[in-house]
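Look over the sequence and the model first, then read on.

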Amino acid sequence: MATRQLLGELAFTHEWYKSFLTHLKEEGYSFETFPGTLEQKTILLRHDVDLSLSDALTMAKIEAEVGVESTYCIFIASPLYNPFDGENLQKIHEIQSLGHDIALHFSTHNYWPNEQPSKGAVETQVNNMMDVLRAVTPEISEAVSFHRPPDWALETEFETFINTYSPQYFSDITYISESNQRWRTDQPDFENLPERMQILVHPGLWSHRDDEFEKRLEQGVVNSCRYVNRRAQEEFIEPNKEN
Ligand SMILES: [Zn+2]
């Protein structure tokens with residue numbers, strides 16, 4: 001009961017998210033980054049940055065205010081943002097300077113849309129992409145999260161990186177995700193949380209107001225287009241005017 005009063009009605013707002021983190025801290029949980037100790041009352045808080053680095057940075061600041069460390073998995077093959085663009089590079093560095101880890105968010109679908117690859121093939125391609133991410137920032141986590149993970153990626157260990165869906169992080173402990181804002185219909189029991197958890201939160205699904213999933217997705221696309229338009233003006237159109 002106390003939890004419900006403290007957290008209030010679930011809303012995909014930054015305000016609710018902050019109260020959620022504050023509540024977890026007050027309940028005695030400590031936040032870890034991968035590989036973590038997985039001791040009593042520990043949480044591995046992970047973010048798959050699918051839509052927006054701006055939203056990721058906003059969330060990273062909220063967490064820093066509360067004194068929480070987490071892992072931001074960067075989707076370097078994202079259709080919505082380019083992590084190598086100057087402003088985005090800065091955002092990633094800022095997230096890191098707030099005390100958070102940077103990791104790879106990897107899409108298997110780009111390489112193996114239908115078939116199941118060998119473990120070695122996955123390791124080679126993931127390692128290549130980790131090297132690409134190291135060009136963004138040299139200090140990256142050994143953890144890797146799979147974007148829309150296929151069944152073969154679940155509960156599988158790899159030699160060369162930490163799979164966030166391996167049994168020790170996915171089935172041996174409680175795994176809680178708000179993918180597609182599913183907490184609206186399938187809400188975790190926030191009043192009786194387990195001793196060890198991995199929690200997945202997508203920064204793009206949260207805002208200053210409580211928007212539905214489709215609205216957040218639409219807004220992410222609009223913001224991405226605006227960003228590209230502004231940066232194209234700055235990089236190509238305005239310099240030509242000066243010449
Ligand atoms: Zn994803």
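Predicted model: local features only at pLDDT ≥ 70, side-chain atom pairs only at ≥ 80, totals over all residues.

Residues are numbered from 1 along each chain as its sequence is written, and side-chain values use heavy atoms, with hydrogens and water left out.

**Zinc site**

Asp50 (OD), Asp50 (OD), His105 (NE2) and His147 (ND1) coordinate the zinc ion at 2.1 to 2.7 Å. Donors here are N, O and S atoms within 2.8 Å of the metal (3.2 Å for Na, K and Ca); water is not among the atoms, so sites may look incomplete. The 4 donor atoms subtend angles of 52 to 127°, so the arrangement is irregular. Four donors count as tetrahedral if all angles lie between 85 and 135 degrees; four count as square planar and six as octahedral if opposite donors are over 155 degrees apart and all others between 65 and 115; anything else is irregular.

The donor residues follow the spacing D-x54-H-x41-H in sequence. His105 sits in strand β4 (residues 101-106) and His147 in the loop between β5 (143-146) and β6 (162-163), so the pair ties together parts that are 42 residues apart in sequence. Strands (E, at least two residues) and helices (H or I, at least four) are DSSP runs, numbered from the N terminus. Both His105 and His147 are buried. Buried means under 20% relative accessible area, exposed over 50%, and partly exposed in between (1.4 Å probe, protein chains only).

**Largest pocket**

The largest pocket has a volume of about 590 Å³. A pocket is an open set of points on a 1 Å grid over the protein atoms alone, where a 1.4 Å probe fits, with protein on both sides within 12 Å along at least five of seven lines; lining residues have an atom within 4 Å of a point. Grid points are joined across faces, edges and corners, and the volume is the space filled by probe spheres set on the points.

The lining counts 26 residues, and Asp50, His147, Arg148, Asn180 and His202 lie nearest the pocket centre. Two elements give two or more residues to this lining: β7 (174-177) and α7 (213-242). The largest share, 3 residues, comes from α7.

**Backbone points**

Arg148 is in the loop between β5 and β6. Asn180 lies in the loop between β7 and β8 (196-200). The peptide bond from Phe34 to Pro35 is cis, with omega near 10°. Pro35 belongs to the loop between β1 (30-32) and β2.

**Aromatic contacts**

The structure holds 22 aromatic pairs. Rings of Phe, Tyr and Trp (its six-membered ring) pair if their centres lie within 6.5 Å; planes under 30 degrees apart count as stacked, over 60 as edge-to-face and the rest as tilted. Tyr111 and Trp112 form a tilted pair, because their planes stand at 50°, with ring centres 5.6 Å apart. Tyr111 is partly exposed at 30% relative accessibility, whereas Trp112 is buried at 13%. One aromatic cluster is formed by Phe12, Trp16, Tyr17, Phe20, Trp183, Phe190 and Trp206.
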